[in-house]
There are 2 protein chains.
Amino acid sequence: MSRQADQRAQLAEFRRSIDNIDAALVFLLSERFKVTQKVGAYKAQEGLPAADPSREEAQIARLRALAADAQLDPEFSEKFLRFIINEVIRHHEQASAS
Amino acid sequence: MSRQADQRAQLAEFRRSIDNIDAALVFLLSERFKVTQKVGAYKAQEGLPAADPSREEAQIARLRALAADAQLDPEFSEKFLRFIINEVIRHHEQASAS
């Protein structure tokens, strides 16, 4: 094989792994939003407050510890959780506006 | 059980599922970054350009289609991929600065 063909084959191999992981991430995120939608509906039904700062703090602490175990930057794991939580809040706002 | 105890038990059940999914997400993200670190090192070694806009476009199109399958907002899946790619770029910048 030419060097270029080698490079293409090597990059394609890496990319197949990235694509598999991305598919798994998308399907997991979809399941996660199903649960948070149930939580939102349940809290609305029971008249419970939507936000729970102590739960959020506990989630962040837990994810940072898991990230350290997984050799992932704990700062990133916290940014990631906030990114997801912001989307959950957007869903709840859309649900209460409809 | 009192209504409050019922509510606590129901929320705790939802939260155990969210926590399980979050742990899976953290471990998957860690694997994903391992692969992108290998890609970065390989591209540097071979003198290949770090960015590949056509690959990025293909990833976004693929994730949007997967998101639709998973009943996840395709807009969110695109935002999510960009969030992850920004972190990959940050890793590569750190690696080339060290």
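Predicted model: local features only at pLDDT ≥ 70, side-chain atom pairs only at ≥ 80, totals over all residues.

Author: A residue counts as buried if 20 or more other C-beta atoms lie within 10 Å of its own, and as exposed if 12 or fewer do. By that criterion B:Gln71 is exposed, because it has 9 C-beta neighbours inside 10 Å.

The place of B:Gln71 is the loop between H2 and H3 of chain B. Its phi is positive, about 55 degrees, although the residue is not a glycine. Most residues other than glycine have a negative phi. With 9 other C-beta atoms within 10 Å, A:Gln71 is exposed.

H2(A) has 17 residues and reaches 25 Å from its first C-alpha to its last, close to the 24 Å expected at 1.5 Å a residue. Which residues of H2(A) are buried? They are A:Leu63, A:Leu66 and A:Ala67. These residues lie on the same side of H2(A), because they cover an arc of only 100 degrees around the axis. An α-helix has 3.6 residues a turn, so residues three or four places apart point the same way. On the other side of H2(A), the exposed residues are A:Pro53, A:Ser54, A:Glu57, A:Ala61 and A:Asp69.

The buried residues of H2(A) pack against H3 of chain A together with H1 of chain B.

A:Ser77 and A:Ala67 are 10 residues apart in sequence, and their C-alpha atoms are 6.3 Å apart in space. Leaving aside neighbours within four places in sequence, A:Ser77 is in contact with A:Leu63, A:Arg64, A:Ala67, A:Leu72 and B:Val26.

H2(B) has 17 residues and reaches 25 Å from its first C-alpha to its last, close to the 24 Å expected at 1.5 Å a residue. B:Leu63, B:Leu66 and B:Ala67 are the buried residues of H2(B). An arc of only 100 degrees around the axis holds them, which puts them on the same side of H2(B). B:Pro53, B:Ser54, B:Glu57, B:Ala61 and B:Asp69 are exposed on the other side. The buried residues of H2(B) pack against H1 of chain A together with H3 of chain B.

A:Val26 shows this packing from the side of chain A. Apart from neighbours within four places in sequence, A:Val26 is in contact with B:Leu63, B:Leu66, B:Ala67, B:Ala70, B:Leu72 and B:Ser77. In the largest nonpolar core, which has 28 residues, A:Val26, A:Leu72, B:Val26 and B:Leu72 touch the most other members. The elements that give two or more residues to this core are H1, H2 and H3 of chain A together with H1, H2 and H3 of chain B.

In total, 38 residues of chain A are in contact with 38 residues of chain B. H1(A) gives the most to the side of chain A that touches chain B, with 25 residues. The residues of that side divide into 23 nonpolar, seven polar and eight charged. The copies meet through the same surface, because 100% of the interface residues of chain A are also interface residues in chain B. A rotation of 180 degrees with 0.0 Å of shift along its axis superposes chain A on chain B, with an RMSD of 0.0 Å. The two copies are thus related as by a two-fold rotation axis. Of the residues of chain A, A:Leu25 comes closest to the rotation axis, at 3.3 Å for its C-alpha.

Definitions and conventions:
Residues numbered from 1 in each chain as written. Chains lettered and ligands numbered in written order. Core = buried A, V, L, I, M, F, W, Y, C linked by C-beta atoms within 7 Å. Helix = DSSP H or I, 4+ residues; strand = E, 2+ residues; numbered from the N terminus. Contact = placed C-beta atoms within 7 Å. Expected span 1.5 Å × (residues − 1). Arc of directions from axis to C-beta. Nonpolar A, V, L, I, M, F, W, Y, C, P; charged D, E, K, R; others polar. Least-squares fit on C-alpha atoms with pLDDT ≥ 70 in both.
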